[in-house]
Amino acid sequence: LVANAKLTESQLPLIYFVGGCCSIVFSPIVGWLSDQYGRFRVLWISVISSFVPVLLITHLGPTPLALILFIIAIFFICGSGRFAPAMAMVT
């Protein structure tokens with residue numbers, strides 16, 4: 001993000017703060033969805049949906065901070081959303 005989207009290094013903690021908050025809020029929701037709709041289905045939806053923010057993040061040029069934070073939020077929600085159904089399937 002520093003090299004491609006031209007963020008400053010002082011803005012990076014904001015990225016992790018927003019991402020962490022989204023993970024904390026949405027992980028229990030993804031867990032509930034896994035119980036309601038099936039672990040395997042929610043896992044695959046999380047995996048497939050995580051491709052979009054990864055592609056967006058890796059292909060960003062100079063971008064406004066608000067848009068980067070939105071994409072990062074989606075990335076962290078989809079990325080952390082894979083763990084609840086995967087761990088439920090393992091256990």
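User: How many helices and strands are there in the chain?

Analyst: Start by counting the elements. This predicted model has four helices and zero strands. Read from the N terminus, the order is simply α-α-α-α. As for extent, the C-alpha trace covers about 40 × 20 × 20 Å along its principal axes.

User: At what angle do α2 and α4 pack?

Analyst: For a helix pair, look at the axes and the directions they run. Here α2 covers residues 39-58 and α4 covers residues 83-90. Their packing angle is about 145°, and the axes lie 8 Å apart. The crossing of α2 past α4 is left-handed.

User: Which residues make the contact?

Analyst: On the α2 side you'll find Arg 39, Phe 40, Val 42 and Leu 43. From α4 come Pro 85, Ala 86, Ala 88 and Met 89. Sort them by class and you get seven nonpolar residues, one charged and no polar ones.

User: Which residues make the nonpolar surface patch?

Analyst: For a patch, ask who is in it and which element they belong to. This one comes to about 650 Å², built from Phe 40, Trp 44, Ile 48, Phe 51, Leu 55 and Met 89. Helix α2 is the top contributor, with five residues, while Met 89 sits in helix α4. Notice that Phe 40 and Met 89 turn up in the patch and also in the α2 and α4 contact.

Definitions and conventions: Residues numbered from 1 in each chain as written. Predicted model: local features only at pLDDT ≥ 70, side-chain atom pairs only at ≥ 80, totals over all residues. Heavy atoms only, no water. Axes fitted to C-alpha atoms, helices over the stretch in contact; angles between N-to-C directions. Helix = DSSP H or I, 4+ residues; strand = E, 2+ residues; numbered from the N terminus. Left-handed = near helix turned anticlockwise from the far one by under 90°. Contact = heavy atoms within 4.5 Å. Nonpolar A, V, L, I, M, F, W, Y, C, P; charged D, E, K, R; others polar. Patch = residues over 30% accessible without salt bridge, like charges linked within 9 Å, V, L, I, M, F, W, Y side chains within 5 Å. Areas by Shrake-Rupley, 256 points an atom, 1.4 Å probe, with all protein chains shown as cover. Salt bridge = Lys/Arg side-chain N within 4 Å of Asp/Glu carboxyl O.
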